[in-house]
Amino acid sequence: MTAQFQSFDDLASPAQGTERIPLLRAELARRGLDGFVVPRADEHQSEYVPPSADRLAWLTGFTGSAGTAIVLADKAAIVVDGRYTLQAGQQVDTGLLTVVKQAETNTEAWIAAELGPRRLGYDPWLHTAKGVDDLAKAVARAGGTLVPVETNPLDAVWPDRPPPPLAPVLLQPEELAGESAGAKLGRLREALAKDRLDGLVISDPQNLAWLFNIRGGDVAHTPLALGYALVPREGRPVLVMDPRKISNEAGDAIGRVAEIAPPARLAEEI
């Protein structure tokens with residue numbers, strides 16, 4: 001018997017930050033920003049992110065599963081927890097990026113101490129509501145201005161950014177799921193009615209997998225399909241997901257309980 005283990009590709013290097021941080025700074029200056037926050041996150045707050053969302057690794061060379069870079073015009077830092085202190089020091093250009101131990105100074109504390117009265121940008125898709133609130137408080141303490149961006153400036157300087165993943169979406173058999181998607185949606189609507197809510201926006205792919213009995217392969221090491229769902233208390237739900245990755249069998253099953261809309265229609269559907 002041969003033992004098999006997960007393998008994690010590590011193709012980054014410190015030279016990435018040396019080359020790419022100046023490109024980001026030039027783009028920030030063009031947009032009238034003095035800095036930008038780069039979390040290791042995607043739009044779904046996933047533990048693992050697809051290559052198209054691995055902005056922190058592309059920019060800095062750091063490939064850990066958690067961390068945040070703050071790039072200002074004259075300084076930059078990467079904040080990591082205790083698991084990654086040594087790794088970050090080996091993977092990033094420490095002449096450009098100060099490795100900050102989260103146990104000593106977290107992201108918000110570093111911003112409050114270093115930003116000053118400047119404009120700090122952030123991508124609202126990549127932060128939780130609490131995370132944005134924490135950023136706003138830190139920027140206010142520094143006397144600066146927190147600026148949401150409509151498009152991520154890092155993407156503008158990433159010429160070979162991979163496309164969003166299109167792994168096939170498959171059905172999880174009901175005998176393994178334990179309950180049909182229709183029954184789960186029914187119970188969810190009952191909960192919405194009980195709490196006097198008109199609807200629910202779902203952004204967590206794990207919740208999508210459970211609710212619609214689907215599996216995918218959009219992120220490494222996790223059988224998830226990235227997307228969103230809009231579930232009204234009354235009326236048909238909408239699964240917002242690229243139709244190209246939904247197999248005929250999965251599409252037929254989903255179509256019995258929900259509509260399917262492409263990601264470009266998310267805001268319109270909401």
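**Exercise 1.** Find out which residues Phe 62 touches, leaving out residues up to four places away in sequence.

*Solution.* Contact means heavy atoms within 4.5 Å. With that rule, the partners of Phe 62 are Leu 56, Ala 57, Gly 67, Ile 78, Val 80, Tyr 84, Gln 87, Ala 88, Gln 91 and Val 92. Before going on, know that this is a predicted model, where local features need pLDDT of at least 70, side-chain atom pairs count only at pLDDT 80 or more, and totals for chains, interfaces and linings use all residues. Residues are numbered from 1 along each chain as its sequence is written, and side-chain values use heavy atoms, with hydrogens and water left out.

Now place the residue: Phe 62 sits in the loop between α2 (55-60) and β2 (68-72). Helices (H or I, at least four residues) and strands (E, at least two) are DSSP runs, numbered from the N terminus.

**Exercise 2.** Decide whether Phe 62 is buried or exposed.

*Solution.* Check the cut-offs: buried is under 20% relative accessible area, exposed is over 50%, and partly exposed is in between (1.4 Å probe, protein chains only). Phe 62 has a relative accessible area of 1%, so Phe 62 is buried.

**Exercise 3.** Work out what kind of aromatic pair Phe 62 and Tyr 84 form.

*Solution.* The structure holds three aromatic pairs. Rings of Phe, Tyr and Trp (its six-membered ring) pair if their centres lie within 6.5 Å; planes under 30 degrees apart are stacked, over 60 edge-to-face, and the rest tilted. Here the centres of the Phe 62 and Tyr 84 rings are 5.5 Å apart and the planes are at 80°, so this pair is edge-to-face. The pair links distant parts of the chain, 22 residues apart, with Tyr 84 in the loop between β3 (76-80) and α3 (85-91). Both Phe 62 and Tyr 84 are buried.

Trp 125 lies in the loop between β5 (119-122) and α5 (129-142), while Tyr 228 is in strand β10 (residues 228-232), 103 residues apart.

**Exercise 4.** Describe where His 127 is and what surrounds it.

*Solution.* First, His 127 is in the loop between β5 and α5. Next, a relative accessible area of 16% makes His 127 buried. Finally, leaving aside neighbours within four places in sequence, His 127 is in contact with Val 37, Pro 39, Gln 45, Tyr 122, Val 132 and Leu 135.
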